[in-house]
Amino acid sequence: MSQKAGAAKSARQSEARAHQPGQDVFKSILPDDIEWKPFPAFPPSVRLAVLVGHPAEPAPYTIRVKAPHGAKLMPHKHPEDRVYTVISGVFYIGLGEEFDASKLQAYPPGAVVILPGDTSHFHWAKSGEYVTQVTAMGPLGLEYVSAKDDPRNTNS
C-alpha cells in the first residue's frame, strides 16, 4: 500500500472511531446511579436524567423521563426526531395540538415509539408512574403549543 493510501485509510479509521464526550471508555450506569433532576420545561413533579451525551449540544444523547401517577405534559413538540423506549409503567402518548384523552395510546414496558421531529403530542401518566428512555440527536428542544402550558412561564 502506498504511503498516501495508508494515510487515507488511517484518516478514515480515526473518523470512524471518533467518540462522543464521555463515550471513549467502557462504563455502565446502574439504576441506583441515575441522578433524577427537575427540568424547567416539565411540570414540577416530572424528573429527567441525562445518561449519555449533552442534550444541549448538536450530538447524540440519551435521557430518561420519570412521570409520577397523574402527571400530564400538555401538547408540545420537539425539533429533533426521538426514539422512546418504555422502561417501566405504561406510557400514554397522544398526537395533536389539543390534549384529548381519547387520542392516547398505551405502550407497555419494552415498547419503542418513534416520534418524528416537530410532531405535536402530549403525555399522561394515567395509570401510574412511567419511565421512558429517549434517544435523539441534540440539541434537545421543547416548545409547548400553548404558552400557558409551559412551566417556564409560571412565576414561582
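# Strands, sheets and a core

Q: What makes the residues H121, F122, H123 and W124 of strand 9 buried?
A: In this predicted model, H121 and H123 point one way from strand 9 while F122 and W124 point the other way, and all of them are buried. Buried means under 20% relative accessible area, whereas exposed means over 50% and partly exposed lies in between (1.4 Å probe, protein chains only). All four are therefore under the 20% cut-off. In a regular strand the side chains alternate between the two faces of the sheet.

Q: How do you know that strand 6 and strand 9 pair?
A: A strand is a DSSP run of E with at least two residues, a helix is a run of H or I with at least four, and both are numbered from the N terminus. Two strands pair if DSSP finds at least two bridges between them. Strand 6 (residues 91-95) and strand 9 (residues 121-124) have four bridges in the antiparallel sense, so they pair. Within this pair, I93 stands opposite H123.

Q: What joins strand 4 to strand 9?
A: Strand 4 (residues 72-77) is joined to strand 9 by three bridges and runs antiparallel to it, and L73 stands opposite H123.

Q: Why are strand 7 and strand 11 called edge strands?
A: Five strands form an open, antiparallel sheet in the order 7-6-9-4-11. Strand 7 (105-107) and strand 11 (143-144) each pair on one side only.

Q: Which strands are the edge strands of the sheet of six strands?
A: This open sheet has the order 1-2-3-10-5-8 with antiparallel pairing, and its edge strands are strand 1 (37-38) and strand 8 (112-115). Inside the order, strand 5 (residues 82-88) and strand 10 (residues 130-137) pair over six bridges, with Y84 opposite V134.

Q: What makes the 23 residues a nonpolar core?
A: A nonpolar core is a set of buried Ala, Val, Leu, Ile, Met, Phe, Trp, Tyr and Cys residues joined through side-chain atoms within 4.5 Å. The largest such core has 23 residues, so these residues meet that description, and F42 and V46 have the most contacts inside it. Strand 3 (60-67) gives four residues, the largest share.

Q: What does F42 touch?
A: Contact means heavy atoms within 4.5 Å. Not counting residues up to four places away in sequence, F42 touches R47, L48, V65, L73, L142, Y144 and P151.

Q: How are the residues numbered, and which limits apply to this predicted model?
A: Residues are numbered from 1 along each chain as its sequence is written, and side-chain values use heavy atoms, leaving out hydrogens and water. Local features need pLDDT of at least 70 and side-chain atom pairs count only at pLDDT 80 or more, while totals for chains, interfaces and linings use all residues.
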